[in-house]
Amino acid sequence: MKRKAFYLLFVAISFVVASVPVFAHHGTAAYDLSKTVTVKGKVSKFSFINPHCQVYFEVTNEKGVAEPWQAELTSPNHLMRSGWTKETLKAGDDVTITGYRTKDGTNSIWIGKIMLKDEELKLGTE
């Protein structure tokens, strides 16, 4: 009887240990959360998909050259609660995005605030 209880306990613990990665989330580890940056650009594509929505846009640098950027938002589920749809951002829209740039300096940002024209869009994280 003790042996059966031991095996049952062993199997239960094994399932718990094996399921830990399922609860993991990548979070914002790639972003420098110590300072915010603000960039202005023109939307080239908006992906309203799981697990995180993506905004692709072009920013004109100080030399007048357009550079591709990408920005990450929360999930579509959270954004929909704040009134977002897949049509909220369209190619050609002017946006001002404030957030956290990647630690490696690539043209990628985790959005903390996004302005479309003169309207701040709610992010569903409030």
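Reader: What does Asp 94 count as, judged by its relative accessibility?

Author: Asp 94 counts as partly exposed, at 48% relative accessibility. Buried means under 20% relative accessible area, exposed over 50%, and partly exposed in between (1.4 Å probe, protein chains only). This is a predicted model, where local features need pLDDT of at least 70 and side-chain atom pairs count only at pLDDT 80 or more, while totals for chains, interfaces and linings use all residues. Residues are numbered from 1 along each chain as its sequence is written, and side-chain values use heavy atoms, with hydrogens and water left out.

Reader: Which side chain meets that of Asp 94 in a salt bridge?

Author: Side chains of opposite charge can pair when their charged atoms come close. A salt bridge is a side-chain nitrogen of Lys or Arg within 4 Å of a carboxyl oxygen of Asp or Glu. Here Asp 94 meets Lys 42 at 3.0 Å, N to O. Asp 94 lies in strand β4 and Lys 42 in strand β1, so the pair ties together parts 52 residues apart in sequence. Strands (E, at least two residues) and helices (H or I, at least four) are DSSP runs, numbered from the N terminus. Lys 42 is partly exposed too, at 42%.

Reader: How many salt bridges does a search of the whole structure find?

Author: The search finds 2. Lys 35 and Asp 32 also form one, at 3.7 Å.

Reader: How many aromatic pairs are there?

Author: A pair of aromatic rings is described by the distance of the centres and the angle of the planes. Rings of Phe, Tyr and Trp (its six-membered ring) pair if their centres lie within 6.5 Å; planes under 30 degrees apart count as stacked, over 60 as edge-to-face and the rest as tilted. The count is 4. Among them is the tilted pair of Tyr 31 and Trp 110, with 6.0 Å between centres and 55° between planes.
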